[in-house]
Amino acid sequence: MAAWAFATFVTGVVGALITVAGVIYVAWTLAETRKATGAAQSAADAAKDANKAFAEHSQRELRAYVGVPVVAVKDLAIGAQPTFSYQIKNFGATPARELESKYYIVACDDPNTHKVRTPADKVVPTWSSRVDLAPGQEPVEVTQTHHARWTEAMHTAFAAGQGTLMLCAIIRYRDVYGKRHWTMFKSYLRPGTIRNGAGVLSATRKHNRAN
């Protein structure tokens, strides 16, 4: 009887130990599984971030970049209405879609500090027709004759560096990835750059930027 009781006790102890070992093993397995799952998720997140960074880098390398290489004027003579023009060129690797532009011409004393405040200060512009501009394509030229004539007083002030005309414009377009972009610039007439009523405008120190 005593032997049977002892055997039963030993069997119970061994069973308990096996149960404890089983519980420990299951807990260890669950912990390792969680670690493996976490590592896999981290690897997946890192791969996702890497793919996103690569895609963004590729888009930056391949997207359209629109700029304005030339802003010019002609017919800048007393009694005449000056005609301004600027060229829009795609310097990127893919087409610029739905490109459009608007601009205004304003008389001012200092183009680097002048701010347009009221409609009376400028001719209110409208957006041009939308066009697509491929990389390497000949630039699109926008031309506009100023609404006011160039007077002798304006010419005298301009020659003395006390007044000028400034052309301000914004260009907006969409790249092949569907993202919207814009280019903004301000250029002005500077004494010494005009010959026989024609010449190239100079960029202001501010407000020439793009995204």
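This report describes backbone angles, ring contacts, a surface patch and salt bridges in one predicted model.

## Basis of the description

The model is predicted, and local features need pLDDT of at least 70, side-chain atom pairs count only at pLDDT 80 or more, and totals for chains, interfaces and linings use all residues. Residues are numbered from 1 along each chain as its sequence is written, and side-chain values use heavy atoms, with hydrogens and water left out.

Helices (H or I, at least four residues) and strands (E, at least two) are DSSP runs, numbered from the N terminus. A residue is buried under 20% relative accessible area, exposed over 50%, and partly exposed in between (1.4 Å probe, protein chains only).

## Positive phi angles

Most residues other than glycine have a negative phi. Asp75 has a positive phi, near 60 degrees. Asp75 lies in the loop between strand E2 (71–74) and strand E3 (83–90), and its relative accessibility of 41% makes it partly exposed.

Glu98 also has a positive phi, near 50 degrees. This residue belongs to strand E4 (residues 96–108) and is partly exposed at 23% relative accessibility.

## Aromatic rings

Rings of Phe, Tyr and Trp (its six-membered ring) pair if their centres lie within 6.5 Å; planes under 30 degrees apart count as stacked, over 60 as edge-to-face and the rest as tilted. The count comes to 3 aromatic pairs. In one of them, Tyr86 and Phe185 have ring centres 5.2 Å apart and planes at 70 degrees, so the pair is edge-to-face. The pair links distant parts of the chain, with Tyr86 in strand E3 and Phe185 in strand E8 (residues 180–188), 99 residues apart. Both Tyr86 and Phe185 are buried. Trp150 and Phe158 form an edge-to-face pair, with 5.8 Å between centres and 75 degrees between planes. Trp150 is buried at 2% relative accessible area, and Phe158 is buried at 7%.

One aromatic cluster consists of Tyr86, Tyr103 and Phe185. Charges also sit over rings (NZ of Lys or CZ of Arg within 6 Å of the ring centre and within 35 degrees of the ring normal). Arg63 lies over the face of Tyr65, 3.9 Å from the ring centre, and the charged end of Lys89 sits over the ring of Phe91, 5.9 Å from its centre.

## Salt bridges

Side chains of opposite charge can pair when their charged atoms come close. A salt bridge is a side-chain nitrogen of Lys or Arg within 4 Å of a carboxyl oxygen of Asp or Glu, and the count here is 6. One of them joins Asp132 and Arg97, at 3.4 Å from N to O. It links distant parts of the chain: Asp132 is in strand E5 (residues 131–133) and Arg97 in strand E4, 35 residues apart. Asp132 is partly exposed at 41%, and Arg97 is partly exposed at 30%.

Arg174 forms a salt bridge with Glu98, with the closest N and O atoms 3.1 Å apart. Arg174 is in strand E7 (residues 164–174) and Glu98 in strand E4, 76 residues apart. Arg130 forms a salt bridge with Glu100, at 3.4 Å between the closest N and O atoms. Arg130 lies in the loop between E4 and E5 and Glu100 in strand E4, so this pair ties together parts 30 residues apart in sequence. Glu100 is buried, at 4% relative accessibility. Shared partners join Glu98, Glu100, Arg130, Arg172, Arg174 and Arg180 into one network of salt bridges.
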